[in-house]
Protein chains: 2
Amino acid sequence: MIKQITIFGVGLIGGSLAMALNKAGFCEKIVGCSRNREHLQQAVELGVIDQFTTDPRLAVENADLIFLSVPLGAMASILTQIKDYIPKHAIITDGGSAKMSVKQAAEQAFDGKLPRNFVLGHPIAGREKSGVGAAIVNLYQDRKVILTPVTDTNTEALTTVTKMWQTTGAIVETLNVEEHDLTLAATSHLPHVLAYELISTLAQSDVSEDIFRYTAGGFQDFTRIASSDPVMWRDICLENRDAILTMLDEFTDNLQVLRKDIADSNAEAIYEEFSLAKDARDQAMRHR
Amino acid sequence: MIKQITIFGVGLIGGSLAMALNKAGFCEKIVGCSRNREHLQQAVELGVIDQFTTDPRLAVENADLIFLSVPLGAMASILTQIKDYIPKHAIITDGGSAKMSVKQAAEQAFDGKLPRNFVLGHPIAGREKSGVGAAIVNLYQDRKVILTPVTDTNTEALTTVTKMWQTTGAIVETLNVEEHDLTLAATSHLPHVLAYELISTLAQSDVSEDIFRYTAGGFQDFTRIASSDPVMWRDICLENRDAILTMLDEFTDNLQVLRKDIADSNAEAIYEEFSLAKDARDQAMRHR
């Protein structure tokens, strides 16, 4: 029975979860915790959380479920601070974008072993804005949440976390940790890297003065993700490094094949490549 | 005085131009020409053009201005067919995405020299849909049109073509041919190549079954242009090859620097790169 949920990091992700769970009456009380008292006060005033504390130990001592939505680089530190104060029955879960990174942070904090009650997870949702002011009650409606249980993850804990996300309207799926990290490197992290790098290339190019004057709608859509928070994406590059490098190298190899086809004016090969891509995208978007 | 305009290729680009010019009363008559009688009949029924012929020579014999919106690969052939039938006073202009390619096609057709009445141009506008059914009267409203006159382009011809585009609500600017081709390679052609290649990489990757299930809104925006017509984009790669390769290599070099920064976990360098890109994009979009 979930009475109290404690959320570390009450921004877009943690705040939107709190709002959806509150609305559904999933628990009796939601406690927020972070280092920023003003943000937490704002979250209470917005009705996102019921109460707050800036003391991690106080935050968890009566918690039945703990949700971590702090930056990837802060996971190990938070877990180390709270490990001795977490009730035995409490379930821990998180929303980090790189699961091996969180798994290792937890192992580091918990003497080399991921607790059986720790259910690694990642909601595939977001907005351009961030912070609790951007939180919305239906952020997770019809969105995918990927859970990445390990061999001895407690089944009841997995069931509870699954139910929690389903309560928000999300579609819950499971992948293993490595699959998750490669999949997200491919579908999210690599696109961000490419968008940032395209803008950077254009900004530094001496092709034409004020080159961005000549961009059209397709360019705006293509580069929208390059307006994302550079701190968050730096951390993702650091914390999902190996998977990102794997996908980046696969992409670069393919790009070099296409480069040769263009240099050779190989019309048929270029057409086949573009045609394959268009068909794959059109089909993928149709089934969403 | 422009009485008759003849448009070769009455699809999205040519059709939208005809609609805007008709509405503004820019000329007395618009004649469409292509190989497809059904499409031309449809264009007349939609009120896009006044009359049509499938005979290029008949199409131009009374034209005061000729607009070519056929595929880049068809420019030389059309120009060769009509060259001996174009009235001396008639202005020729086009909407091709690669200006050196059109310039060379025209030189090839006109005995090695671009006619002084030929004003090379390129409207930076489009939609995902194509064909005359997708044509809209305000396609060019507030859009950029780049004209790329050469040294001895006739000034009156340039003025008339400028006025024609301004009549549609477009903002007319000039670049030289090489600048145009590099700029568009950077802001349009390279993004399309990257989007196609990302989708192709994911479609061929064995990372996770049905990898597109795990994509979110950012991915959909980023890859929208990969649903573009592969024939058109193959032709652009063939016809603007050198400029695309130049920009592709600049991009690849930058990407390799970033790859090294990620591999080295160089947090500061990654942050600076992403931050530069975010600032450049935010500023560019603010000034649009």
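Start with the parallel sheet of chain A. Select β3, β2, β1, β4, β5 and β6 of chain A: these six strands form an open sheet in the order β3-β2-β1-β4-β5-β6, with parallel pairing. Strands here are DSSP runs of E of at least two residues, helices are runs of H or I of at least four, and both are numbered from the N terminus. Two strands pair if DSSP finds at least two bridges between them.

This is a predicted model: local features need pLDDT of at least 70, side-chain atom pairs count only at pLDDT 80 or more, and totals for chains, interfaces and linings use all residues. Residues are numbered from 1 along each chain as its sequence is written, and chains are lettered from A and ligands numbered from 1 in the order in which they are written.

Now pick β1 (4-8) and β2 (29-33) of chain A. They pair in the parallel sense over five bridges. A:Phe8 stands opposite A:Cys33 in β2(A).

Axes are lines fitted to C-alpha atoms, for helices over the stretch in contact, and angles run from 0 to 180 degrees between N-to-C directions.

Next, show α6 (155-167) of chain A. It lies across β5 (91-94) and β6 of chain A, at about 50° to β5(A).

**The three-stranded sheet**

Select β7, β8 and β9 of chain A. They form an open sheet in the order β7-β8-β9, with mixed pairing. β7 (121-123) and β9 (171-174) of chain A each have a single partner strand, so one side of each is left without a neighbour in the sheet. Neighbouring strands are turned by 20° against each other on average, direction ignored. β7(A) and β8 (144-147) of chain A run antiparallel, joined by three bridges. A:His122 stands opposite A:Ile146 in β8(A). Helix α6(A) packs on this sheet too, touching β7, β8 and β9 of chain A. Its direction makes about 170° with that of β8(A).

**Domains**

Colour chain A by domain: domain 1 is 4-175 and domain 2 is 179-286. These bounds come from an automatic or database domain assignment. The C-alpha centres of the two domains of chain A lie 31 Å apart. Their contact takes 14 residues from domain 1 of chain A and 12 residues from domain 2 of chain A. Helix α5 (99-109) of chain A gives the largest share of the domain 1 side, three residues.

**Chain B**

Switch to α5 (99-109) and α7 of chain B. They pack at an angle of about 135°, with their axes 8 Å apart. B:Lys99, B:Met100 and B:Lys103 in α5(B) meet B:Val177, B:His180 and B:Asp181 in α7(B).

Show both chains. 77 residues of chain B are in contact with 77 residues of chain A. α7(B) gives the most to the chain B side, with 19 residues. 100% of the interface residues of chain B are also interface residues in chain A, so the copies meet through the same surface.

Finish on the axis. Chain B can be laid on chain A with an RMSD of 0.0 Å by a turn of 180° and a shift of 0.0 Å along the axis. That is the relation of a two-fold axis. The superposition is by least squares on the C-alpha atoms of residues with pLDDT of at least 70 in both copies. Centre on B:Phe222: of the residues of chain B, its C-alpha comes closest to the rotation axis, at 2.0 Å.

Technical notes:
Two residues are in contact if their C-beta atoms, placed from the backbone, lie within 7 Å.
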